[in-house]
Amino acid sequence: MNSLCVASVVAATVFVAGCGSSSHPPQSFVPGTSSFGNFSWTFHNRLSPAALLPPCLAKSYRAPGRFTVLAALGEFSGSQFSGLGLSLWGTFTVPRGRHQPPSIAPNLGTAYTLYYGIYKLSGGAQGCFYLAKVSLQGVSFDGAVGAWPNVHGYGKAQPDSEGPLAISLKGLSAKGGSGTLTLKGPGGKTIATGTVSIKGSKIIR
């Protein structure tokens, strides 16, 4: 199991995503960046009617193509959020298919705040950005990020590359916020930077 799948397992506490193995092929790429297969956005059984994700405001893309997704766990301090060690990026080659971006928010069995916005990378790519502020027993983090390109009509993808992600957000409120991204490669070399623009928040029940 590679580092991105390790992050997937931990992030699954909030956003369920599948890691591939010989007996269980990849099923999801959000936010664990394990595959562009079927999205899995449920947390055990739903305890209430499905809540819709806030709409993605990022530019839309059509497969095929090569796209980068982000996954992060971290901590809030007032109106700021910082990623911890299991914060990663992954790039995938994506063929055409019939899958569409997710529209249902994860159900955690308790209410939580979901910040939403857009991330933009230095190469020009952009995508949907979601940050959940959670309170779960037995975990050392209170925030989880899932961010992915607004890709329509995609099929099962193949991973190309991965690496650590540094993420920091500030000024988080119901009306906005901003942040920075740094994507690292082998040896800690910066391979891309980016920005995050938070557009608002929604209480998921």
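Rings of Phe, Tyr and Trp (its six-membered ring) pair if their centres lie within 6.5 Å; planes under 30 degrees apart count as stacked, over 60 as edge-to-face and the rest as tilted. The model is predicted: local features need pLDDT of at least 70, side-chain atom pairs pLDDT 80 or more, while totals for chains, interfaces and linings use all residues. Numbering starts from 1 along each chain as its sequence is written, and side-chain values use heavy atoms, without hydrogens and water.

**View 1. A ring cluster with a lysine over one face.** F76, F81 and Y115 are joined into a cluster by ring pairs. K133 lies over the face of F76, 5.0 Å from the ring centre. The rule for a charge over a ring: NZ of Lys or CZ of Arg within 6 Å of the centre and within 35 degrees of the ring normal.

View 2. The ring rule gives four aromatic pairs. Among them, Y130 and W148 are stacked, at 5.2 Å centre to centre with 25 degrees between the planes. Y130 belongs to strand β6 (residues 126-133) and W148 to strand β7 (residues 143-148), 18 residues apart. Strands are DSSP runs (E, at least two residues), numbered from the N terminus.

**View 3. Residues of the ring views by element.** Which residue lies over the face of F76? It is K133, at 5.0 Å from the ring centre. Strand β6 (residues 126-133) holds Y130, the partner of W148 in strand β7.

Definitions and conventions. Helices (H or I, at least four residues) and strands (E, at least two) are DSSP runs, numbered from the N terminus.
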